[in-house]
Amino acid sequence: MSNTYDYRMYAQGGYPGMPMPYNPPMWANNSAMMPSTMTMPSSVVAMPPAVPNGAVVTPQGGTIQAIPTEESYVENILRLNRGKMATFYMTYENNKEWNAKIFRGIIEAAGRDHIIISDPATGMRYLLLTLNLDYVTFDGPINYEYAFQGQMITNTTPAM
């Protein structure tokens, strides 16, 4: 028996008697470094291109962005009515002090998950979560518009 060792194993992190570590081919480690002349094996599946949400893929592989069918959200309606006085009816589940609460104030801002109003009598400002919003009432007409089937619908658009 020879006392000679294959020092290549030590260079690759092994020890005598341990199988040589697997070195995957270059294309399996970093496809960006793959020369253009190399081909991928048939067992590797190429990922389809990313398609924007709501888009349609044409037979030629292109995409057509679909027009949103409706974008009428509470936050957008409240933004259109900034500066108006409104009453907000809120419900808070599992609250021992009060289950429902009413806030009245001027709409200052509205986001996806919140509404900011101010009470002109006290100067107090409230940050309300839309999660708790039941409904809103206005003292006068509501400004309202949204895109529907490619046209802008407003509160002055005639009913069909």
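View 1. Arg82 counts as exposed because its relative accessibility is 56%, where exposed means over 50% relative accessible area, buried under 20% and partly exposed in between, with a 1.4 Å probe and protein chains only. This is a predicted model, in which local features need pLDDT of at least 70 and side-chain atom pairs count only at pLDDT 80 or more, whereas totals for chains, interfaces and linings use all residues. Residues are numbered from 1 along each chain as its sequence is written, and side-chain values use heavy atoms, with hydrogens and water left out. Arg82 belongs to the loop between α3 (74-80) and β3 (85-91); helices (H or I, at least four residues) and strands (E, at least two) are DSSP runs, numbered from the N terminus. Leaving aside residues up to four places away in sequence, Arg82 touches Ile107 and Glu108, a contact being heavy atoms within 4.5 Å. A polar atom of the Arg82 side chain lies 3.2 Å from the backbone oxygen of Glu108. The C-alpha atoms of Arg82 and Asn143 are 9.5 Å apart in space, although the two residues are 61 apart in sequence.

View 2. Rings of Phe, Tyr and Trp (its six-membered ring) pair if their centres lie within 6.5 Å, with planes under 30 degrees apart counted as stacked, over 60 as edge-to-face and the rest as tilted. By this rule the count comes to three aromatic pairs. Tyr92 and Trp98 form an edge-to-face pair, with 4.9 Å from centre to centre and 80° between the planes. Tyr92 counts as buried because its relative accessibility is 16%, whereas Trp98, at 31%, counts as partly exposed. The charged end of Lys101 sits over the ring of Trp98, 5.1 Å from its centre; the criterion is that NZ of Lys or CZ of Arg be within 6 Å of the ring centre and within 35 degrees of the ring normal.

How values were computed. A polar contact is a pair of N or O atoms within 3.5 Å; within protein, one must be able to donate a hydrogen and the other to accept it, and residues adjacent in sequence count only if both atoms are side-chain atoms.
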